[in-house]
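This report is for a reader meeting the structure for the first time.

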Amino acid sequence: MDRARRNTLKHGGGATLLAIAAAAGWLRPGAALAQAQAAGWNKAAFDTQNMADTMKALGGGEPAQSKDIVFFQTPDIAENGAVVPVGITSNIPKTESIAILIEKNPNMVAAVFDIPPGTDPTVSTRVKMGQSSNILALVKADGKYYVAAKDVKVTLGGCGG
Amino acid sequence: MADPMKIRANVVGDSTEVKVLMSHEMETGQRKDAQGKVIPAWFIQSVTATWNGKTVLAAQWGPAVSKNPFLSFKFKGGAKGDKVQIAWVDNRGDKRTDEVIIA
């Protein structure tokens, strides 16, 4: 896949959207191109393309590798990149949040889950993958970040194009 | 208005397991239509689950979550008959809230 082309596309499209978004906070749903923002949505984090930027946007330092983060329901080979099941359990005490990052997607961060006390540090969902890549589970526990990776091969990409 | 979510909440031991299937396009903003124009991004940005007025899960999503997103999680507590509420907001400001009774 041509990386430069994809980036150009993204930035080209993004600029227009941003311009509209500035004015569109109050637009009714369904209005063409309206780009409102949900309260508390960390736009900076979802725009990042590498690990260092992601950590900066999330406000953390270099994450430590951890064997206490377990993937479940996650395939080694995904037939359809548009629907890749990902389940993550953190066995680290005081887990505060779990993020799913996909290394080679145009934007790394797929989802961030805040885990309040009383909720099991286990989430499972389905994500899109543009190509074979590492899926990273980034766990914040007691103010520190931990990470674990799983390599998933994709036979059919899921980011269109 | 989007279609209703399918939610299931079951008591498992001392916890409640919640499974949600939302109905949403989750357009990435990376794809192009037949005319070569970029299809604007349209995806759920925030998901909140509440039980008895307490937030049991809050999530922020990017466009890399699959179309018609699936989500499952577990929280301590919850009894048969309690209500679990799931709410989402997408990047167009569209919202949907659904609730289910724990079985």
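Ile86(B) stands opposite Asp98(B), a residue of strand E7 of chain B. The model is predicted, and the positions described here are computed from it.

| Strand pair | Sense | Bridges | A facing pair |
|---|---|---|---|
| E3(B) (residues 44-51) and E6(B) (residues 83-90) | antiparallel | 7 bridges | Val47(B) and Trp88(B) |

E6(B) and E7(B) make up a hairpin, with 4 residues between the two strands. In its turn, Gly93(B) has a positive phi of about 85°.

**Chain B as a whole**

Chain B contains 7 strands and 0 helices. Its C-alpha trace spans about 55 × 20 × 20 Å along the principal axes. Of the 103 residues in this chain, 42% are buried. Taking contacts in chain B between residues at least 6 apart in sequence, 54% join residues at least 24 apart.

Asp3(B) lies in the segment before strand E1 (6-12) of chain B. Is Asp3(B) buried or exposed? Asp3(B) counts as exposed because it has 11 C-beta neighbours inside 10 Å, and the cut-off for an exposed residue is 12 or fewer. From Asp3(B) to Gly53(B) there are 50 residues in sequence and 24 Å in space, C-alpha to C-alpha.

**The nonpolar core**

The largest nonpolar core has 57 residues. Those with the most contacts inside this core are Ile100(A), Leu101(A), Ala110(A), Ala111(A), Val127(A) and Ala137(A). Strand E8 (residues 133-141) of chain A gives the most to the core, with 6 residues. In soluble globular proteins, nonpolar side chains tend to be buried together.

Ala111(A) has contacts in both chains, leaving aside its neighbours within four places in sequence. In chain A these are Ala99(A), Ile100(A) and Thr125(A). In chain B they are Ala59(B), Gln60(B), Trp61(B), Gly62(B) and Val65(B).

**Confidence in chain A**

The mean pLDDT of chain A is 80, and 72% of its residues reach 70 or more. Over residues 14-35 of chain A the pLDDT is below 50. Beyond near neighbours in sequence, that stretch has 22 contacts in the model. Where pLDDT is low, the predicted coordinates should not be read in detail.

Notes: Residues are numbered from 1 along each chain as its sequence is written. Chains are lettered from A and ligands numbered from 1 in the order in which they are written. A nonpolar core is a set of buried Ala, Val, Leu, Ile, Met, Phe, Trp, Tyr and Cys residues joined through C-beta atoms within 7 Å. A residue is buried if 20 or more other C-beta atoms lie within 10 Å of its own, exposed if 12 or fewer, and partly exposed in between; C-beta atoms are placed from the backbone. Two residues are in contact if their C-beta atoms, placed from the backbone, lie within 7 Å. pLDDT is the predictor's confidence in each residue, from 0 to 100. Two strands pair if DSSP finds at least two bridges between them.
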